[in-house]
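Here's a quick briefing on a single protein chain, grouped by topic. Have a look at the sequence and the model first, then read on.

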Amino acid sequence: MAALAPSLAHRAQAGSRGAPDEGAAQAPAFVIVGEGAGDVQAREALLDRAMGPNRKKKSSEKLRRGRRPSEGLAFVARDASGAVVGTVRLWDVRLGEGSPALLLGPLAVEPGLKNGGVGSALMRHAVAEAARLGHGAILLVGDAPYYGRFGFSADCTGTLAMPGPYERHRLLALELKDGALDGARGTIKAAGRKLKGQGLGLIA
């Protein structure tokens, strides 16, 4: 996957308020770039550190397994040394038998930098790029108090379901286009490009 041009460097401001990963007094500068093929090992190691050994047992994984992220929507955050300190990816899904959408996840940040604004910057960048590319809606499974800061809520997901165990109140959505989720119902299904051969190493 070709890397996108890096975004502007981000630096958390001391005393800022907002998402849980904002407000570090001396957060390091970082840049957000498109994920490249050379980031696979670093990303997988980061996900293991941040999310633990059970991360691949989640219902969301059923929609990601054997698929590629949506074109142009996989990002990493790098610190000043070039090390991967954050990751987020979005995946193509279909809502029941109806409209296409994106599924966001996993979002992960180096454990020692959780209060550095990296996660918030990755979220804003991912949402902005998804909108720029013309997608209609993003779904995720996560904590409403955190993701609500980016416009996500459970208001439009009551008639949708994940393909496996999940907590219904944690299925959240953000409409990038008004009415994108009108009439959406049924089980969310994988719709992304399939991986082939060694490409399986790109799974997260």
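A polar contact here is a pair of N or O atoms within 3.5 Å; within protein, one must be able to donate a hydrogen and the other to accept it, and residues adjacent in sequence count only if both atoms are side-chain atoms. With that in hand, the side chain of Arg 67 reaches the backbone oxygen of Gly 192 at 2.6 Å. Keep in mind that this is a predicted model, where local features need pLDDT of at least 70, side-chain atom pairs count only at pLDDT 80 or more, and totals for chains, interfaces and linings use all residues. Residues are numbered from 1 along each chain as its sequence is written, and side-chain values use heavy atoms, with hydrogens and water left out.

**Overall layout**

- The chain has 4 helices and 9 strands, where helices (H or I, at least four residues) and strands (E, at least two) are DSSP runs numbered from the N terminus.
- Going along the sequence, you get the pattern β-α-α-β-β-β-β-α-β-α-β-β-β.
- Of the 204 residues, 48% count as buried; buried is under 20% relative accessible area, exposed is over 50%, and partly exposed is in between (1.4 Å probe, protein chains only).
- Among contacts (heavy atoms within 4.5 Å) with a separation of 6 or more, 69% are between residues 24 or more positions apart.

- Arg 67 sits in the loop between helix 2 (59-64) and strand 2 (74-79).
- A salt bridge is a side-chain nitrogen of Lys or Arg within 4 Å of a carboxyl oxygen of Asp or Glu.
- Leaving aside neighbours within four places in sequence, Arg 67 is in contact with Trp 91 and with Ala 190, Ala 191, Gly 192, Arg 193, Lys 194 and Leu 195.

**Salt bridges**

- Side chains of opposite charge can pair when their charged atoms come close.
- Searching the whole structure turns up 12 salt bridges.
- Asp 39 pairs with Arg 78, with the closest N and O atoms 2.8 Å apart. Asp 39 is in the loop between strand 1 and helix 1 (40-51) and Arg 78 is in strand 2, so this pair ties together parts 39 residues apart in sequence.
- In that pair, Asp 39 counts as buried at 6% relative accessibility, whereas Arg 78 is partly exposed at 22%.
- Glu 71 and Arg 193 form another salt bridge (2.8 Å, N to O). It links distant parts of the chain, with Glu 71 in the loop between helix 2 and strand 2 and Arg 193 in the segment after strand 9 (186-190), 122 residues apart.
- Here Glu 71 is exposed at 55% relative accessibility, and Arg 193 is partly exposed at 34%.
- Lys 189 meets Glu 97 in a salt bridge too (2.3 Å, N to O). Lys 189 is in strand 9 and Glu 97 in the loop between strand 3 and strand 4, so the pair ties together parts 92 residues apart in sequence.
- Glu 97 is exposed, with a relative accessible area of 70%, while Lys 189 is partly exposed at 34%.
- Glu 35, Arg 43, Glu 44, Asp 48, Arg 55 and Arg 89 are linked in a salt-bridge network.

**Nonpolar cores**

- A nonpolar core is a set of buried Ala, Val, Leu, Ile, Met, Phe, Trp, Tyr and Cys residues joined through side-chain atoms within 4.5 Å.
- The largest one has 27 residues, and those with the most contacts inside it are Leu 104, Met 123, Tyr 147 and Phe 152. Its largest share, 7 residues, comes from helix 3.
- Apart from that core lies another, of 14 residues, among them Ala 137, Leu 139, Ala 173 and Ile 188.

**A cis peptide bond**

- The peptide bond from Gly 105 to Pro 106 is cis, with omega near -10°. Pro 106 is in the loop between strand 4 and strand 5 (108-109).
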